[in-house]
Amino acid sequence: MSLSYKSRRRLSLFLLLVWLPVFIVGAVTLMTTLDRQPIWLELLIYVFLGVAWAWPFKYVFRGV
């Protein structure tokens with residue numbers, strides 16, 4: 001199923017304004033529930049989570 005440009009634009013706006021803040025709150029909550037990790041591991045986890053939120057939506061953001 002191919003989305004029109006207008007639909008992709010609206011969906012990408014929704015993802016950036018709603019999904020991304022929810023994901024950030026969830027990621028920070030997850031990191032605070034874990035014990036304090038070494039700084040390199042914590043950085044690696046944050047980098048992974050920073051990229052992981054967009055992987056499922058890469059086709060929505062393509063061409064917008």
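This report covers the salt bridge, the nonpolar core and the aromatic pairs of a predicted model.

## Salt bridge

Across the whole structure, a search finds 1 salt bridge. The partners are R36 and E42, whose side chains meet at 3.2 Å, N to O.

R36 has a relative accessibility of 68% and counts as exposed, whereas E42 has 14% and counts as buried. The assignments follow from the cut-offs: buried means under 20% relative accessible area, and exposed means over 50%.

## Surroundings of E42

E42 belongs to helix α2, which spans residues 39-52. When neighbours within four places in sequence are left aside, the contacts of E42 are M31, R36 and Q37. R36, one of these contacts, is also the salt-bridge partner of E42.

## Nonpolar core

The largest nonpolar core has 5 residues: L20, F23, A27, L49 and W53. Helix α1 (residues 5-33) supplies 3 residues, the largest share of this core. As a general background, nonpolar side chains in soluble globular proteins tend to be buried together.

W53 is a member of this core. Not counting residues up to four places away in sequence, W53 touches L16, W19, L20, F23 and F61. Among these contacts of W53 are L20 and F23, which are themselves listed in the core.

## Aromatic pairs

The structure holds 4 aromatic pairs. One of them joins W19 and F23, with 5.8 Å from centre to centre and 45 degrees between the planes, and is tilted. Both residues lie in helix α1, 4 residues apart, which is about one turn of the helix. W19 is partly exposed, at 32% relative accessibility, while F23 is part of the largest nonpolar core.

F48 and W55 form an edge-to-face pair, because their ring centres are 5.6 Å apart and their planes stand at 70 degrees. The cut-off for edge-to-face is over 60 degrees. F48 has a relative accessible area of 46% and is therefore partly exposed.

## Ring cluster

Which residues do ring pairs link into a cluster? The members are W19, F23 and F57.

Methods. Residues are numbered from 1 along each chain as its sequence is written. This is a predicted model: local features need pLDDT of at least 70, side-chain atom pairs count only at pLDDT 80 or more; totals for chains, interfaces and linings use all residues. Side-chain values use heavy atoms; hydrogens and water are left out. A salt bridge is a side-chain nitrogen of Lys or Arg within 4 Å of a carboxyl oxygen of Asp or Glu. Buried means under 20% relative accessible area, exposed over 50%, partly exposed in between (1.4 Å probe, protein chains only). A nonpolar core is a set of buried Ala, Val, Leu, Ile, Met, Phe, Trp, Tyr and Cys residues joined through side-chain atoms within 4.5 Å. Helices (H or I, at least four residues) and strands (E, at least two) are DSSP runs, numbered from the N terminus. Contact means heavy atoms within 4.5 Å. Rings of Phe, Tyr and Trp (its six-membered ring) pair if their centres lie within 6.5 Å; planes under 30 degrees apart count as stacked, over 60 as edge-to-face and the rest as tilted.
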